[in-house]
Amino acid sequence: MHVLRTLHPYSWTIIIGTVFGRMATSMSIPFLAIYLTQVKGASAGFTGLIIAISSLVGILSSFYGGYFSDRFGRKIIIGISIFGWCGVFVGFALADAIWVFFVMNALNGLCRSLFEPTSKALLSDVTDQKNRLLVFNMRYTAINIGVVFGPLLGLYFGSAASTAPFLIAALVYFAYGLVLIFQFLRVKVEEAAAAGANIISVREAFHVTRKDTLFMFLLIGVTISVFGYSHFSATLPQFFAATPSIEDGARLFSMMLTLNALTVLIVQYPIVAIAKKYSLVLSLMLGNILIALSLLSMAFLHEIIWIAAAVILFTIGEVLLFSMSDMFIDEIANPDMKGTYFGAMGFTGFGNVAGPLIGGMLLDHFGAVHPIPIFTIIAFLVIIGAPFLFRVWVMLKGKERNTKPVLKKEHVR
């Protein structure tokens, strides 16, 4: 309790704002795929493209979010991104043409890629080293608390049939932004010094990481696993809404979103505590396998209780994947290159781009009445990531790990 009382006001605002912000976005964004296909008549393939564009823009711009915050200051970038987000949500609410949704979701990815790394950097600036792990865990918990209630509110407000709930998201982020601006004016804090020498571009990240064979195998394996994870929010809602074997698929999907977030809150710390005792790479492999198996099972399940069991299995795989990947990167990277390695892991977002596209094309080709070929193909593509992660384990066990590459002066700007 003493530690909590010593946290900076900015930390509390960001953590509490994260609860309400994620609650607002999870009552609107996850239902976008259903709205586009069921109300606007968009094809599953084009809907997948609209969902994927947010991740693609985020990948292309995320490397520069931190750079802008270093160059222009955390407060300016947070202000621009959060109020820009308000405009994006208003755009979603007023959109009618399909192409407008494409543009809005692209801008959604841009705002997220600016706000997320900058808010994390601000948390780091105002938090003592010994308390940073606690603060970032509190933020992650806040995300999942918001996702517990958001889908239920989305179901109540009819997010699958209307874009009006996006106005609620706009109001929430507008209030969040006002509180932050008020604090910025009242509470002074010295921001971290600019670190321009450590900022690398996408091309330079490729240049550094491609020399590290172990890391490249890890990157490929995790990217494929993220591809599997992306189907939970892109392919599954479209399938649930369209399949004749499930009644009121939008309602079921909102329940599964809530179950997913609740399961994360319940199992996160026990799973991490157990998994840390074993190889981190084996934990990543297990996460990949569980995600593949749970997606495959969706082809054969029709009862809510068994679908819920598959979602719990999926969530355990998700926790193993995302909790352990960060820990593993921290373990293999040299201290002066951790930023480079964590930044390069942003390329795993290509999995979030490919997932909605491939899932949408499979739904278009086979139709929701034929789930077996759809989810068999998806599960097969996901499980391909396991051999790459197994190769990482073999390299570590056989002490084949090459010397960690040194970031030379000519590699950075």
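This is a predicted model: local features need pLDDT of at least 70, side-chain atom pairs count only at pLDDT 80 or more; totals for chains, interfaces and linings use all residues.
## Overall make-up

The chain holds 18 helices and zero strands, and of its 413 residues 53% are buried. Among the contacts in the chain with a separation of 6 or more, 85% are between residues 24 or more positions apart. The accessible surface of the chain comes to about 18,100 Å², and carbon and sulfur atoms account for 69% of that area.

## The nonpolar cores

The largest nonpolar core has 60 residues, and the members that touch the most others are Leu218, Phe240, Met256, Met298, Ile307, Phe328 and Phe375. Several helices give two or more residues to this core, including H10 (213-230), H11 (235-242), H12 (249-275), H13 (280-297) and H17 (371-383), while the largest share, eleven residues, comes from H14.

## Helices H13 and H17

The axes of H13 and H17 come within 8 Å of each other and cross at roughly 175°, and because of this angle H13 is roughly antiparallel to H17. On the H13 side the contact involves Asn288, Ile289, Ile291, Ala292, Leu295 and Leu296, which meet Phe375, Thr376, Ile378, Ala379, Val382 and Ile383 in H17. Sorted by class, the residues in this contact are ten nonpolar and two polar, with no charged residues.

Key:
Residues are numbered from 1 along each chain as its sequence is written. Side-chain values use heavy atoms; hydrogens and water are left out. A nonpolar core is a set of buried Ala, Val, Leu, Ile, Met, Phe, Trp, Tyr and Cys residues joined through side-chain atoms within 4.5 Å. Buried means under 20% relative accessible area, exposed over 50%, partly exposed in between (1.4 Å probe, protein chains only). Helices (H or I, at least four residues) and strands (E, at least two) are DSSP runs, numbered from the N terminus. Axes are lines fitted to C-alpha atoms, for helices over the stretch in contact, and angles run from 0 to 180 degrees between N-to-C directions. Angles under 35 degrees count as roughly parallel, over 145 as roughly antiparallel, 65 to 115 as roughly perpendicular and the rest as oblique. Contact means heavy atoms within 4.5 Å. Ala, Val, Leu, Ile, Met, Phe, Trp, Tyr, Cys and Pro count as nonpolar, Asp, Glu, Lys and Arg as charged, and the others, Gly among them, as polar. Accessible areas come from the Shrake-Rupley method with a 1.4 Å probe; for residues, only the protein chains shown count as cover.
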